[in-house]
Amino acid sequence: MKQLPFDTVLIANRGEIAVRIIKTLRKLGLRSAIVYHEIDADTPAVSMADAAIPISGRTPIAAYLDIAQIIAATHKARAGALHPGYGFLSENVEFARAVIKAGITFIGPAPESIELMGDKIRARDFVQRNGFPVAPSAVEEDDPGTFISRARAVGAPLLVKPSAGGGGKGMRIVRDLGSLEDAIAQARSEAQRYFGCSRLYVERYIEHPRHLEVQVLGDTFGHVLHLFERECSVQRRFQKIIEETPSPALTSDMRQRLCDAAVGITRAANYHNAGTVEFIFDGTEFYFLEMNTRLQVEHPVTEMITGIDLVAEQIYAAAGCKLGFSQSDILQSGHAIEVRLCAEAPERGYAPTTGKILMLEYPEGDDIRIDSGISEGQRITTAFDPLLAKIIVHSPTRLGAVQKAGRAIRELVLLGCETNAGSLARILADEGFLRGHVHTGYLDGNPLLAESGSGVALPVFLAAAALLTRQVRDSADAVPELHVVLGSWRN
């Protein structure tokens, strides 16, 4: 066990990622503290932490974005370090600077790295200057007066993107250049609303691309290495649903090129800690998309095939420790798949769902991992992202992993809140997915995968549930008076 300059870590997050971090802190012999809004008071993360400090805000999300409250809570918990998880303030450069200024170790990269990679335009320019491939593009701020004409020159189809933020907010696909100006106006408005920044750029949109990403690690001694790639092409509205590793699309030579590029970008950025370099892949060539300067939601699949605890490595790197292994020590073992269980209704346009969890039973078995932040009795609301849990499986082969993931989803029991479990099971059983023929538009081209089927299952399920109630059962068993008079009547 490595010596660390702190004994308590505050988690500035909630839900499944907070639970995930607490598990590693326990393994390392460190105390855990967590901030929480009152809506999360009865959640597993709060009950698991060694200390829990309440925070408040105009909305629950506002509480988790309050930098001053979180730093005050860190001092109150006597925590020497802070882990931001993902989302919320995890890629907020001002937060990272405030944490460091307060004398707290920030478990993440240096603020300069967050600033460089947090601005997509600046990041793309940096990557291109360092000799790595980016898609043809036009940047508004280079010359606002000619932005429209330069965008048209790139050629359709185009993808209009905000410089700040992520998660698909503000992005617009333009196939008809006649609608370009309207798309830019809509993207600008949405970017300003979500990120407080209306800067835009456009890039050539690659039809049916794959979304690939590479997990990287760097320390303050100049060592940078990769932990191979993840395939993240199964998405809805630019949000990932299923991730796996290794990608079924890559040859060994292409995998090496992709990973070498990710390491090169990371080294050029003088990046320390865990990060992810994302690319789009057209089947022949890959192009830089962005770099996420935090832990990814889908990091467990990498842990499953490498055996490396990424949260532990984040903590060691932030504490100034050298990486304890070299590139040749990291091996891919088998195949891993992660599915995201969300409180949403795919057949209704992925609308968010709510309800009290009445029963919750997760699948069990060898090489099945559950990262969950919910428990029975908990009420699911629309206050946060709909992610409830992640089901991660490992198998020696891709087919074995797909089959195991399918069984795990079918064995899952969650009553009281509608989820996307049925849709996930249909995707895993789909011929296209089984053959690895996926791309970022895969679900758009297969809308039936989001639907519940013939519609027969729901009425049958409701009828069966009704028959379990005493009132309905007594009514069904009762013999009407007229039939009693007739005699010899059996119901």
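Helix axes are taken here as lines fitted to C-alpha atoms over the stretch in contact, with angles running from 0 to 180 degrees between N-to-C directions; helices (H or I, at least four residues) and strands (E, at least two) are DSSP runs numbered from the N terminus. The model is a predicted one, in which local features need pLDDT of at least 70 and side-chain atom pairs count only at pLDDT 80 or more, while totals for chains, interfaces and linings use all residues. Residues are numbered from 1 along each chain as its sequence is written, and side-chain values use heavy atoms, leaving out hydrogens and water.

The axes of α5 (residues 93–101) and α6 (residues 111–118) come within 9 Å and cross at roughly 175°. The two helices are therefore roughly antiparallel to each other, a label for angles over 145 degrees. In this pairing V93, A96, R97 and I100 of α5 meet P111, I114 and E115 of α6, contact being heavy atoms within 4.5 Å. The residues involved divide into 5 nonpolar, no polar and 2 charged (Ala, Val, Leu, Ile, Met, Phe, Trp, Tyr, Cys and Pro count as nonpolar, Asp, Glu, Lys and Arg as charged, and the others, Gly among them, as polar).

Within α6, P111, S113, I114, L116 and M117 are buried, that is, under 20% relative accessible area with a 1.4 Å probe and protein chains only. Their cover includes α5, β5 (105–106), α7 (120–129), α10 (252–268) and β14 (286–292). The loop between α6 and α7 holds D119, which is buried because its relative accessible area is 18%. Leaving aside neighbours within four places in sequence, D119 is in contact with S163 and R199.

Just after α1, G29 takes a positive phi of about 75°.

The largest nonpolar core has 38 residues, of which L30, L217 and I315 touch the most other members; such a core is a set of buried Ala, Val, Leu, Ile, Met, Phe, Trp, Tyr and Cys residues joined through side-chain atoms within 4.5 Å. With 6 residues, α1 gives the most to this core.

Note on methods:
Buried < 20%, exposed > 50% of the residue type's maximum accessible area, 1.4 Å probe, protein only. Parallel < 35°, antiparallel > 145°, perpendicular 65-115°, else oblique.
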